[in-house]
Amino acid sequence: MSAARAARPRFLSDRAQFALQAALLGVLAASGLLIAGQGNGYAAQLVFNVALSVLLATGWNVIGGMTGYVSFGQVSFFGLGAYAAAIGVLHLALPWPIAALLATAAATSLAVPLGLIMLRLNGIFFALGMFGLARILQIAANGLNITGGPMGTTVPAAEGPAFPAAVTVVIAAAAAGVVAALMRTRLGLRLMAIRDDPVAAEAAGVNVWLAKVAAFCIGAGFAAIGGALYVWNIGYLDPSSAFAGTIELQTVLMVLAGGIGTVWGPVGGGILMSLLGTVLWARFPMEQQIVLGALTMLIAVALPGGLMSLLPRRGWMARPPIWGPPREASEGTLLPAVRVAVADTPGPVLVCRNLGKRFGGVAAVDGVDLEVAPGEVLAVIGPNGAGKSTLFNLLSGFAVPSTGEVEFAGCKIANIRPYVLARRGVARTFQTSRLFPTLSVWENVLLAAISRHRRKAHAVAAATELLERMGLREDWARLPQGLPPGRRRLLEIARALALEPSVLLLDEAMAGMTGPEIAQVHQVLRAAAARGCAIVAIEHVLPAIAPLAARVQVLDFGRTIAEGAPAEVLHDPTVIAAYLGTDMAGTEFAHA
Amino acid sequence: MATFATLVVLGLLWGGVYLLMAEGLNLIYGVMKVVNLAHGDFIVLGGLLALTLFGRYGLSPVVAFPLAAALLFVIGAAVQGGVLERILLAKPEGELRTLLATFGLSYVVANTSFLIWGSQFQSIPFLQSAFAVGPIAVPQGLLACSLLAAALAVAVHAWLRHTAVGRAVRATAQSALGAAACGLNVRRLRIVTFALGAAMAGGAGALVIALVPFQTSSGGDLTVQAFTLIALGGLGSYLGAWLAAELLGITEVMAQYYLGSDAAAAVIYLVFIAVLVFRPQGLLGRTMRI
Amino acid sequence: MTTRRELLQTSAAITLLGAMAQPRRGAAAAGPPIRVGCSITQTGPYSAPAVFELQGYQLAAAELNKAGGVLGRPIEIVAYDDQGNPSTAVQLYQKLIHSDRVDLLVSPYEADLVLAVAPLVTRARMVMPSLGANIEPYQGKYPYLIQAITQTPRYMVPVIDLAASRGYKTVALLVQNTQFPQELAKGIADEATAKGMSVVFREAYAPTTTDFSALVLKAAERKPDVIIGATYLADAMGIVHAAKAENVQAKMFAFSIGPVEPEFGKGLGPAAEGIFGTTLYFPSLKTAGNEAFVADFTAKFGRAPDYHAAVAYASLKVLAGAVQRVGSLDQDKILRALLQTQTDTVVGRFALSPTGMQTGYTSYVLQWQKGKQELVWPREQATAPVELPHPAW
């Protein structure tokens with residue numbers, strides 16, 4: 001059923017979808033402004049609280065939701081923004097707007113070194129490391145005499161909450177708009193890919209490091225503006241409220257309740273949860289925290305996608321496809337699939353000599369020599385545990401060799417990060433498919449295409465063409481898990497080819513494919529080879545690749561045990577013994 | 001010299017107290033790769049229960065220890081069976097969801113405790129004196145906690161190595177799928193493990209409240225402290241945790257004496273982040289895991 | 001003085017989710033009432049002590065009304081719930097001043113809330129007798145705030161007097177490194193020097209400290225006669241723990257906040273015996289009108305008043321007295337009258353410096369004796385004789 005719906009032409013164009021969403025945001029902001037404009041009463045204060053919640057939730061979502069780095073200390077930047085703004089106003093006598101902007105800039109720049117340190121951590125370590133950071137900053141603020149130490153300080157504030165509420169509404173709406181726009185940029189696409197699978201993102205040419213530091217800074221910036229607005233509104237600042245864990249809990253809860261990783265999740269969650277919190281406090285002041293805690297548990301267990309997951313995946317509130325949908329194939333201008341400079345280099349494009357990798361005492365790869373020339377197809381086969389995948393990790397820069405070296409297009413690749421190699425033209429697939437589960441088929445390919453093409457039109461055209469050639473264009477809007485296994489493999493090859501590689505490393509790419517699918521892959525690979533792309537294909541068994549391969553190299557226990565034309569190698573007794581022991585020689589290869 | 005020796009003894013004994021408060025977290029992490037963010041609140045709950053038993057019925061913390069452990073065992077089993085089992089850890093977001101669920105749980109436990117016991121710091125007068133060993137005073141309370149920590153470490157070790165259930169738990173720790181394939185009831189093993197970890201936290205709290213006054217909101221700091229310790233020890237490594245605990249205890253006492261008390265406080269968070277960033281595998285690396 | 005600061009550091013304040021507070025009005029008599037506005041922490045984690053404060057204001061208003069009101073008009077209390085949150089308090093005082101247009105203001109509790117509303121109140125040129133103990137706001141910065149609670153540096157002055165009267169010469173000071181204890185410690189050191197004693201050890205410790213062994217050992221090396229902690233409850237208990245466990249002896253142990261709380265005695269049991277603390281108020285005090293105050297309060301609210309109730313009660317009484325003398329609600333005139341006021345209250349002698357700092361109120365020394373708190377100093381207020389020196393642990 002879902003297949004039918006996904007394949008149907010879309011009801012709304014993405015532009016219309018975007019316009020509708022912008023209109024909704026406008027309506028929300030306008031009603032906020034309207035209520036705030038009523039005067040300096042509680043309503044204005046409530047609007048301020050709601051808007052601040054939306055702003056903080058939106059900022060948290062950039063790093064915690066879009067990028068997948070869940071933080072328990074994002075309040076660090078709220079506090080930093082609050083403190084920087086207060087110091088600007090108190091000690092540098094700056095007017096509020098300038099102080100707030102400078103504070104935001106200061107906190108955002110401070111996020112760069114902090115991000116460089118903290119983003120070395122993953123998962124729980126990042127979350128708790130950030131928690132520790134918030135505590136350290138709170139201790140530091142306790143010792144900061146110019147802001148009254150632990151006692152806090154008063155800061156000249158706005159006259160009443162109406163004006164700050166209005167400003168905060170505008171800024172929160174702008175923040176949501178920025179995130180919506182961000183999700184349609186290269187950076188947004190890369191962040192979502194990192195969230196899904198940082199390794200595959202790196203292989204698709206994403207500078208994971210840079211992208212996540214950028215996301216960290218954007219999230220920090222939003223939190224810092226929030227901190228400055230908070231102080232401006234209440235005119236009082238102390239360490240325990242600037243770095244309060246409660247702000248963190250509420251922010252996380254709002255994002256989760258609304259829907260993590262979406263544009264509307266933090267907005268809806270922020271509005272609903274801050275109103276709910278207000279009602280709860282009014283009715284059950286002592287039990288409010290218990291209810292919020294229980295709600296967090298409930299959402300974690302029962303509704304991990306938040307309220308947004310209750311909406312249809314392709315409804316108008318959903319994220320519009322990035323730069324999609326792909327146009328009809330005829331419109332695309334085809335691009336050269338191989339870098340001319342590399343193709344013109346005489347001799348082999350990828351060479352390795354005496355390559356070795358040891359894990360503890362075990363040699364996974366042990367003195368392998370390998371070379372492949374432009375346009376050549378080399379098959380690497382071997383039984384399970386022969387070291388094939390480790391070899392690929394070495395060739396693509398994901399692992400550092402213990403001995404020997406790899407040269408690509410005449411350059412040693414030692415110390416070159418995988419994403420750089422990918423951009424220079426070494427593309428790979430993974431043994432177990434590593435597609436980005438929350439990105440559509442189209443976006444999976446587009447992600448790699450933007451690593452190759454600076455211009456949007458070129459990237460779109462290249463991705464469109466690849467989908468067409470792979471027969472995946474009809475499926476462009478589906479998620480990878482909606483595809484049958486063989487077509488998932490096709491998609492992974494398409495993603496690798498979107499890098500327009502000079503060397504394509506295929507790791508058992510044709511496992512689980514049907515006959516027609518294999519034929520399709522062969523056609524695509526032949527075309528790539530014809531244009532000068534060198535292909536190294538690992539297969540557990542030969543038949544899938546034999547029709548293409550000019551040469552076969554057989555690995556066992558990390559060493560090359562045979563090399564030559566497919567027909568010769570298949571009858572080599574060492575190879576047969578390695579695969580099958582001596583008794584059943586040849587049975588598996590008979591039909592090759 | 002006597003002072004230095006006293007400081008070393010104090011550091012070692014405080015290390016034992018820290019270890020006592022971290023063992024439950026270490027067991028749960030070691031087996032399930034779950035960081036229970038409500039751990040500190042479990043400790044506080046155990047302590048406050050001991051407080052009530054002492055205040056209301058005059059029961060010593062020695063009696064409260066098994067009762068607190070039993071109560072937390074039941075709570076732990078309920079949490080794992082009723083909440084955490086519903087989150088599939090295998091899914092990529094499983095870790096995050098578990099973390100959030102225990103984060104929420106920590107608020108529920110702390111604030112429910114607040115309704116019962118209020119916000120004031122509380123303690124129990126118990127084992128306040130010291131033995132004199134030559135010129136060194138050995139505080140009884142610290143010694144008792146350290147010995148108990150050591151006994152628990154040994155007991156858990158023995159349980160994991162030498163009993164059928166313990167071996168099954170270790171099998172689950174190494175591969176839940178494999179354990180399930182061998183016909184082990186993995187779900188029940190996880191419930192038992194989480195309950196045991198919670199019980200160890202509750203029991204620890206019943207004794208530690210006599211040394212360190214608790215308030216209902218103390219749990220968060222205790223969780224961070226315990227997590228720092230097991231991260232330093234190498235997450236799930238019981239020998240590493242022990243070493244880390246002694247190291248933290250001695251560092252803290254020495255820093256307080258020689259550097260000043262104010263400096264000693266920031267040290268714990270700095271050590272925490274430094275370890276996470278520079279030595280995520282812990283002091284002993286990947287050896288001696290559960 | 002509660003440990004709100006301490007609570008705020010470890011638990012969380014409700015900062016974002018503000019509530020719609022409902023005003024609660026006191027009894028009104030005939031005539032256009034004089035409306036007295038304040039915010040009170042009526043709900044949330046910090047509400048327990050502040051309810052005493054509200055009851056103190058209410059009792060004062062009821063007594064004033066029974067005696068014919070002020071300027072012949074009844075007093076009406078307009079109290080909103082600030083939830084212990086400074087930002088809410090700011091909004092509430094804004095509402096009180098600008099939309100409710102109350103005639104007089106009294107204070108929220110405690111220093112952080114006072115500090116938060118101070119600029120607003122000053123801008124509105126309204127007098128506010130304030131329950132914030134730190135001295136900074138009353139040194140000219142906020143001229144319309146007058147201090148209606150004991151100033152921090154004087155919190156432990158009577159303890160030093162007591163120690164000096166016994167001929168003790170040396171003091172070790174353990175100070176939590178936060179503002180209130182630091183300000184307190186300065187006052188202690190100054191007073192000790194003035195009394196011819198010397199501070200032989202002084203160290204600040206971080207508020208997160210739980211293990212005090214090394215600190216106590218270090219202090220003991222100077223062999224002080226008196227060990228004083230400028231502390232809150234948890235640290236006071238931790239220091240006593242460490243001193244007993246390490247067998248650290250001194251002639252006298254005293255703490256600012258800690259012994260005043262009942263949990264101190266319950267938590268330390270026999271180790272609490274003989275430890276000194278300070279309090280701002282005690283129901284047994286023989287101060288002006290205290291007997292009637294305790295009786296009325298207990299009759300009205302079913303429990304004895306604590307110091308929150310007493311200082312709040314006294315502050316409204318003093319404010320009303322000034323209004324009565326001035327004969328109008330002119331805030332500047334009221335301020336001038338207040339600054340000249342010297343009067344005896346249930347808390348003690350009320351007097352102000354020319355900038356509004358409290359110079360009259362002091363504190364009272366209590367000691368744990370046989371599991372009970374006894375008031376022991378100054379002598380004329382004592383409920384039991386001082387027991388000194390501190391016996392070996």
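The structure is a predicted model. Chain B has an average pLDDT of 86, and 93% of its residues score at least 70. Helix H2 of chain B (residues 39-57) has the highest mean pLDDT, 95. Helix H11 of chain B (residues 261-278) has the lowest, 71.

Within chain B, helix H1 (residues 2-32) packs against helix H8 (residues 186-208), in that their axes come within 9 Å. The axes cross at roughly 170°. Angles over 145 degrees count as roughly antiparallel, so H1(B) is roughly antiparallel to H8(B). H1(B) contributes Val17(B), Leu20(B), Met21(B), Glu23(B), Gly24(B), Leu25(B), Leu27(B), Ile28(B), Val31(B) and Met32(B) to the contact. Residues on the H8(B) side include Arg190(B), Thr193(B), Phe194(B), Leu196(B), Gly197(B) and Met200(B). Also from H8(B) come Ala198(B), Ala201(B), Ala204(B) and Val208(B). By class, the residues of this contact are 15 nonpolar, three polar and two charged.

Between chains, 36 residues of chain C are in contact with 37 residues of chain B. On the chain C side, the elements giving two or more residues are helix H1 (4-10), strand S8 (198-205), helix H7 (213-220), helix H8 (233-245) and helix H9 (262-268) of chain C. H8(C) supplies the largest share, seven residues. The side of chain C that touches chain B comprises 16 nonpolar, 12 polar and eight charged residues.

Definitions and conventions
Residues numbered from 1 in each chain as written. Chains lettered and ligands numbered in written order. Predicted model: local features only at pLDDT ≥ 70, side-chain atom pairs only at ≥ 80, totals over all residues. Axes fitted to C-alpha atoms, helices over the stretch in contact; angles between N-to-C directions. Helix = DSSP H or I, 4+ residues; strand = E, 2+ residues; numbered from the N terminus. Parallel < 35°, antiparallel > 145°, perpendicular 65-115°, else oblique. Contact = placed C-beta atoms within 7 Å. Nonpolar A, V, L, I, M, F, W, Y, C, P; charged D, E, K, R; others polar. pLDDT = per-residue confidence, 0-100.
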